[in-house]
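Please look over the sequence and the model shown here, and then follow the paragraphs below through one part of the fold at a time.

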Amino acid sequence: MKDSVAEEHLYLGFSHQYRDSIFPLHTSISLFLLSYCDCKLFKIFLVPTGENVDGQFVTKNLLGDLEVHLISRCQLPVVVQSCCLPAVVMKDGKFCRAGLSVVLRHIIQKTYDADPSKKDVLELLGFKKTCLKACAEVSQWTRLCEISIPLAVEGFLMASPEHCQTIPPDILQLERKLGEPVRVHNDDKIRRQKLQQQKAGAKDAVPVLGKEATEEGKTVEMHEHPLPSLELSIAFSKLLVQEVSDAVNREAPCIRRTKTSDLPLLDHVFAEGLYFTLADIVLLPCIHQFLVSSKKQGKNLVNLPLISNWYQRVQKVPGVKKAAGKCNMELLQFPELMPAPEEELQDLSSVPHELEEENEDSHFIGGPRPTMTKLMENGIEAKFSPHPCPNWTLDWTNLPSAVSPGEGKMSRDRALRKQQQLNNLVAAVTKLAKPGDVIVDFCSGGGHVGIVLAHMMPSCQVVLIENKELSLMRAKDRSDELGLNNIWFIQANLDYFNGTFNIGVALHACGVATDMVIEHCIKAGAAFVISPCCYGFIQNTVKFKYPRSHKFKEILSYKEHMILCRFADQTAVQLPPERRIIGKQCMGLVDLDRAWAAEERNYSVQVISMEPETCSPKNNMFVGIPA
């Protein structure tokens, strides 16, 4: 075990106990993962939301063999007080990871780093370690697992009997997801194996698992009969480090010649497809509580055959029952459920796909001129405020090398352009900042903006927020080299930062992230200096709808606004000059809509072109000041 790993502190929220779970459910999920991984690398703190908490009762009854300490919110490290729980903090108190998915992924990686023999734990991160990596604002799946299902179950459990007669829509959404065809890496090969199995009529002829398997020294019954499908065989073979039969792997000539479109689709075994992942760990405590409550109320689960069968299947994964026992989760046993006749099922088609209606016209044809003309006829054109200090520049030659963006391992030409971009943002922030201000560098990446600001303004506290761990670790290494004491690092999605601050800054915040940063700043009453990027990735989300401002909404439809966004990305230097000019105009219109939306909320906003304009194809910059 590495000392640096053992010294990390894990902070979990505690609002109340309900049956065999600690609420919020994010805490029960975190404790379940720790038990599943048999992880003792963190010093664990429960942070009560109320005043009167019986710590001894909580510890004895719900925490198994984990040693847990209680701490009040005012005793939290300052950086954690700015974040939603759960959160993990490194020894020096400067680097914090916050939010359920980020924390759980960190627990998994640290468990494996401390004991590389635990490859089954690392497999929870899925193909290319991407399970629940995308933030909830842009990934419907992450949002469903991380936010929607836990909140839906908490609401269901707390509701009065008359208000919990119907199944929550998010639970029905999960049922529908489990019924969708599985798409996995190398699925063509697996689908051909399935076709061969079907043609041979060998559904029961793949004895990959015996009747019993060994789980940590104990004999556990896996299946009373041979596994019923190739998908199950492959899934459990991976869990038990067994190989699928060679007879299945060899393809007959007629199978090899079959078109991909004619191959059978794959069925779900676990939440994300064929393999047991972190998503299953997150969902199990939630679905368990929902099923326990439903059973107590005498509800018929005929409407949820896929969830019920998934729940039974997850229990057969080695380590799950032991982890549940540590957490005092008394897992239920159900008979294998088959889909009921169609007329008996609740109509799942009534559960809309998230954002389905808003984004149904997201694929467009045609150019931006009709939309631009429509705006011009209503007196709206792209307009840019004069640059307040076009010739201002940092003295890069006399700054420490670790301050330079070249330290972020980029080419000389790109480093020069990055310096020019930083000149623009730092100049604007310098005019706004005063001693004692907290400046937040959103979507900080490798810390190019935040490190310069922390070095240039030692009297200000700078906070870097970034979802990508490697980028943030590089930023911290550069900060440590400079000996900066006025800088914090938070690995989290933007929604998990809830601290107060004075100025928000972001260089090339991608797509909707620009609007997320603006929203954070407005809610905090903070000024902002933001350079947008990736306009083509803008689309309606759960929280953000386009156009943003009332003026644009009165004139443009969502589809027309998306046309502007798509063509706003047409500014690359290799494109013809005429197209780049149109792209710049589209950028200006999209950002004008954003500026007007902020002004509707009592902000004064300027849209400025960075100098020189050649510093980036995406050279727009907002400067927003609360009225």
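In what order do the 12 strands of the open sheet stand? The order is E5-E4-E1-E6-E7-E12-E11-E10-E13-E14-E16-E15, with mixed pairing; strands (E, at least two residues) and helices (H or I, at least four) are DSSP runs numbered from the N terminus, and two strands pair if DSSP finds at least two bridges between them. Strand E5 (68–70) and strand E15 (603–609) are at the edges and have a single partner strand each, so one side of each is left without a neighbour in the sheet.

This is a predicted model, in which local features need pLDDT of at least 70 and side-chain atom pairs count only at pLDDT 80 or more, while totals for chains, interfaces and linings use all residues. Residues are numbered from 1 along each chain as its sequence is written, and side-chain values use heavy atoms, leaving out hydrogens and water.

Within the sheet, strand E13 (residues 503–510) pairs with strand E14 (residues 527–533) in the parallel sense over seven bridges, and Cys510 has Cys533 in E14 as its bridge partner.

Turning to the helices, the axes of H17 (residues 412–432) and H18 (residues 448–456) come within 10 Å and cross at roughly 50 degrees, where axes are lines fitted to C-alpha atoms, for helices over the stretch in contact, and angles run from 0 to 180 degrees between N-to-C directions. H17 and H18 are therefore oblique to each other, since angles under 35 degrees count as roughly parallel, over 145 as roughly antiparallel, 65 to 115 as roughly perpendicular and the rest as oblique.
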